[in-house]
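Thanks for coming. Please look at the model while I go through it.

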Amino acid sequence: MAHTGIADAQEVDEASLRLQVFDTRRGWQLGILVPAFVLTMFVTWIFSGLASIIDADVTSFNNDFRIFWGAARLAIVDTPLAAFDIDKLAEMHGVSDGRWMPWSYPPSYLVALMPLGMMSFPLAWGVFSVLSMLAIAAATRPFTKGHPQVWLAFAFAPAYLPPLFMGQNSLIWAAGLLAALAAIKDNRPVIAGVLIGLLTLKPQLGILIPIALIASGAWRTFVSASVTTIMLSVGATLIVGVEYWSELREMMEIHFSVIKSTSAVNDLMVSPFGILAGLGMQVSTALTIQWCFTAVAAATVAIAWRSPAVGFDLRAAVLIIAILLSTPYLWYYESALLAPAALFLLRAGVLKPNLLGLLLSAAMWLGLSPALLLVVFGFEPSFRYSFAPIVLLAFATCFWAVIHRLGAAGSTPDNLEEHP
């Protein structure tokens with residue numbers, strides 16, 4: 001039995017009513033003061049970085065964006081394949097901190113970054129950061145209509161500080177996913193597919209999205225996403241050359257070898273694999289258990305997205321949290337995805353305005369920003385062990401809610417292509 005328009009409208013109204021708990025003076029204070037703090041911290045970080053560039057008379061700042069900018073710059077002044085040359089890349093961005101920081105992205109992402117390679121590093125970093133914040137703010141808006149304080153709180157959530165500080169692309173990816181979910185919700189399958197296809201610029205986070213589409217019978221979205229992915233890959237390959245793929249494969253082999261060999265001590269890798277390796281488990285065993293997490297996450301997504309009884313917001317939260325558990329290659333700045341997952345759980349009524357619900361909401365909304373700020377101020381918290389209890393509790397909450405709703409409904413799964 002497909003959702004009716006009336007049922008969809010009722011779900012939207014209920015989600016909006018659940019957010020009314022924040023239509024209070026304290027809710028407005030959180031919605032204004034915390035985003036102001038987040039923006040202040042980031043602007044301070046930006047100016048600190050620019051000051052260090054000027055004082056040291058160097059090309060770039062010691063964050064991850066230097067790799068993006070350096071690769072894009074090399075693609076313009078040299079060749080796209082030069083991005084895989086570690087020495088050329090280091091010479092271009094000018095930062096030598098001893099860390100293994102290669103270029104390991106598909107050609108479509110390099111082509112997308114090339115306009116930034118035409119700019120100086122400070123200007124490119126500023127443009128990239130502003131675009132990231134505008135993208136996540138715009139993508140959050142459809143899910144917070146009528147509650148501007150909630151929109152501000154989740155458009156500039158503290159959980160976004162790690163990718164902002166590091167100049168990472170997590171917010172742009174999250175914005176693309178939220179926009180795709182909004183298109184699915186509004187019954188715009190082709191647009192949703194195009195947006196999902198764009199997410200292949202960072203493919204390791206998207207392995208569960210096809211499962212959600214297949215489980216819900218969203219075939220038009222699936223085909224649109226596949227066509228978009230192929231067009232992006234072919235178009236980018238025509239620009240960078242076919243040789244790019246063999247260079248990428250070779251670099252990925254080296255990269256994953258380094259990642260596995262350093263997994264025990266690399267606290268920035270927060271996947272189940274990284275956490276287990278950090279506890280002293282053998283790499284092969286940790287990877288085996290990781291794939292068990294992946295299988296459970298995939299099964300949960302399939303179950304949730306197959307049944308209309310689960311509801312759109314809970315399905316969205318399940319997908320996001322499952323993504324965080326599904327890949328062995330998960331860095332601490334991807335924890336930014338916890339914030340939109342918390343928004344969907346609040347909209348779904350799974351996280352209620354009681355002590356436990358608000359505590360988990362707050363933990364997801366904050367993400368790893370408290371740990372990051374402690375690092376900035378000279379402390380050494382564990383990113384892995386800060387992240388693990390939050391994501392595991394969030395997943396357990398989602399799993400319980402899915403089982404509870406399916407049990408309460410007692411209905412047969414249905415096709416959700418037209419009415420998610």
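This is a predicted model. I start with F222, which is partly exposed, at a relative accessible area of 26%.

Now the rings themselves. A pair of aromatic rings is described by two things, the distance of the centres and the angle of the planes. For W219 and F222, the centres are 6.1 Å apart and the planes are at 75°. An angle over 60 degrees counts as edge-to-face, so this pair is edge-to-face.

How many aromatic pairs does the structure hold? It holds 25. Another of them is Y105 with Y109, at 4.8 Å centre to centre with 50° between the planes, and this pair is tilted. Y105 and Y109 are both buried.

Y105 and Y109 also belong to one aromatic cluster. Among its other members are W45, F61, W103, F128 and F165.

Last, charges over rings. K185 has its charged end over the ring of F312, 5.9 Å from the ring centre. Over the face of W305 lies R315, and here the distance to the ring centre is 5.7 Å.

That is all from me.

Conventions: Residues numbered from 1 in each chain as written. Predicted model: local features only at pLDDT ≥ 70, side-chain atom pairs only at ≥ 80, totals over all residues. Heavy atoms only, no water. Phe/Tyr/Trp six-rings, centres within 6.5 Å; stacked < 30°, edge-to-face > 60°. Buried < 20%, exposed > 50% of the residue type's maximum accessible area, 1.4 Å probe, protein only. Lys NZ or Arg CZ within 6 Å of the ring centre and 35° of its normal.
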